[in-house]
Amino acid sequence: MTPIPLLPFLQDAAPAAPAVLAADTAWMLVATALVLLMTPALAFFYGGLVRSKNSLNTMMMSFVALGAVGLLWAVVGYSLAFSEGSAWLGGVGNALLAGVGVEAKGTIPHILFMAYQGTFAIITAALISGAVVERMRFGPYVAFIVLWTLAVYVPVAHWVWGGGWLMTRGVLDFAGGTVVHINAGISALVAALVLGGRKDFGRQAILPHNVPFVLLGAGLLWFGWFGFNGGSALAAGELASVAFVNTFLAPMATLCVWALLDHFRTGHVTAVGGATGIVVGLVAITPAAGYVSPMSAIALGALAALPSYFVIVFRARTRLDDSLDVFAGHGVGGLTGALLTGVFASKVWNAAGNDGLLAGNPGQLGLQALGAGVSVLYAGTMTFVILKLLGLVVALRPDARTEGVGMDITQHGEEAYSSGEGSILVMPSESTPLVEPLAPAMPQPTAR
Amino acid sequence: MKLIIATIRPDKLNDVLEALYRAEVRGLTASRVMGHGGETERVENYRGTTVKMGLQEKVRLEIGVSEPFVKVTVDAILKAARTGEVGDGKVFVVDVEQVHRIRTGERDEAAVTPTVPVGV
């Protein structure tokens, strides 16, 4: 996304006022809807991986971001990330969508640009939930993603895309490897550490309750990701096609390598492994999508399988309960992608980008490491601070009994797979308390 | 021999299995059942429909044991399944007329091995 968005009209040397182009607008309307679909897709991916008693809560952790983070984006998030401000943060000129109309932003209407960027903020916040599923109270979770979006996502999006200091230094992040994936991945790791493991973690096997959901989610994520990466060209045409095809190829390579690794380690190619491999490939190609050749995308996708795969295997042997391996998938996958962008980037494929290591510009690799490192330090620190402060005001976790009963019943008063047997219809005339808490929330246990 | 039938909370099943394993009790049947043990009814909402869930999910264990194993089995379940709140469940100990092991044709005490609990 970096300087490319403005590319089409930068090339028009004529000082004519930038105009909205119908073809670009058509593609970006579709791309915005595609990226929005990724959040429900993520809900299925995560929802399938948890136990059935926590499946609704896990899916709601993604769905609620559509409401909470989406509104926050319109009220103030977009302005702080993308309107004119300092090198560190945007201004409030576009708060409450003031001045966001149908005028051209690049070659698409400004409101469409705002909505497109909003879909990124939503899914980034939802990604973190995978590290804290099955044990975080719903209210504090919503408060967390709202605060996190304001304090972490918005500033980093400004630094990398909104004209901030990382953008001016030349860090390449086509569609959000740093802003979205490294940010969410490292925040997930810190959140898992602050919350501590699930009460059953390390004591009993906690298995996915619906692997077909996991595959469905991975498939829909891939579909939506064409909007995520292809749309990051912010226009239809050559660059969108390059990003689209790279998004098409890289996960194929990751899937194959992942399957081979699975086969050599366990003797089987697993479905959960395949779904994970696809997502890791998508994460890794994200920063590189518009800067590398299709063959480089295949190499990048294949290489990206290795670090994430072994971090997942290693993590399961530790006491770190990053429950759905958000760090291994998005943190490690994002870091690999960010660094490999600095290796494979080529001006042949995007003149507005830069050459990487293989094209004789090792400096780009250093820049990529800078962008990734800054994001790791900032997001990690801020996540720790937000959760610790929030933990002073409310209990982040329910008591062990509530966790044992399950988060669907205790947090939402619903069951995912209710038979209805033994349920008694309550007539509207009867006055029933709407909420009947099973047990009062206990103070947050210290991290194990 | 006795048949021990225990109804417990699903979230306590792993604790109970672990306790039974430690007590060297081998061979049991577990089933998911619905039950009501006098606990407060849970209220759920699905759009405009409000329901009181009269039945809760429970797990029923059936364990055939020889006489020396009755006490260790019951103790293991009582200890592991208890939360102290209404709805923890019940343990029934029932006399059994005959037991046959299908594979070998052994019957009664011989069919519910081992016959002597460890440490007794």
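Biologist: In β4(B), which residue is the bridge partner of A:L425?
Modeller: Start with the strands, which are DSSP runs of E with at least two residues, while helices are runs of H or I with at least four, all numbered from the N terminus. Strand β3 of chain A, residues 423–426, pairs with β4(B) in the antiparallel sense over four bridges. Pairing requires that DSSP finds at least two bridges between two strands. Within β4(B), the bridge partner of A:L425 is B:V51.

Biologist: What kind of model is this?
Modeller: Residues are numbered from 1 along each chain as its sequence is written, and chains are lettered from A and ligands numbered from 1 in the order in which they are written. Local features need pLDDT of at least 70, side-chain atom pairs count only at pLDDT 80 or more, and totals for chains, interfaces and linings use all residues; the model is predicted.

Biologist: What is the average pLDDT of chain B?
Modeller: The model as a whole scores ipTM 0.80 and pTM 0.89. pLDDT is the predictor's confidence in each residue, from 0 to 100. In chain B, 93% of the residues score at least 70. The average for chain B is 90.

Biologist: Which element gives the largest share of the side of chain B that touches chain A?
Modeller: Contact between two residues means C-beta atoms, placed from the backbone, within 7 Å. By that rule, 16 residues of chain B touch 16 residues of chain A. Two elements of chain B give two or more residues to its side: β3 (42–46) and β4 (49–53). The largest share, five residues, comes from β3(B).

Biologist: How many residues on that side of chain B are charged?
Modeller: Ala, Val, Leu, Ile, Met, Phe, Trp, Tyr, Cys and Pro count as nonpolar; Asp, Glu, Lys and Arg as charged; the others, Gly among them, as polar. The side of chain B that touches chain A has six nonpolar and six polar residues. The charged ones number four.

Biologist: What pattern does chain B follow along its sequence?
Modeller: Chain B has two helices and six strands. Read along the sequence, they follow β-α-β-β-β-β-α-β.

Biologist: What is the radius of gyration of chain B?
Modeller: The C-alpha atoms of chain B fill a box of roughly 60 × 30 × 20 Å along the principal axes. The radius of gyration is taken over C-alpha atoms, and the globule rule is 2.2 Å times the number of residues to the power 0.38. For 120 residues, a compact globule would come out near 14 Å. Chain B has 17 Å.

Biologist: And what is the radius of gyration of chain A?
Modeller: Chain A has 15 helices and three strands. Its C-alpha trace spans about 70 × 55 × 35 Å along the principal axes. A compact globule of 448 residues would be near 22 Å, and chain A agrees, with 22 Å.

Biologist: Is B:R47 buried or exposed?
Modeller: B:R47 is found in the loop between β3 and β4 of chain B. Its phi is positive, near 50°, and it is not a glycine. A residue is buried with 20 or more other C-beta atoms, placed from the backbone, within 10 Å of its own, exposed with 12 or fewer, and partly exposed in between. B:R47 has 5 such neighbours, so it counts as exposed.

Biologist: What is the phi of B:D108?
Modeller: Most residues other than glycine have a negative phi. B:D108 is found in the segment after β6 (89–95) of chain B. With 14 C-beta neighbours inside 10 Å, B:D108 counts as partly exposed. Its phi is positive, about 55°.

Biologist: How far apart in space are A:G77 and A:G273?
Modeller: A:G77 lies in helix α3 (residues 55–82) of chain A. A:G77 is buried, with 26 other C-beta atoms within 10 Å. A:G77 and A:G273 are 196 residues apart in sequence. C-alpha to C-alpha, the distance is 35 Å.
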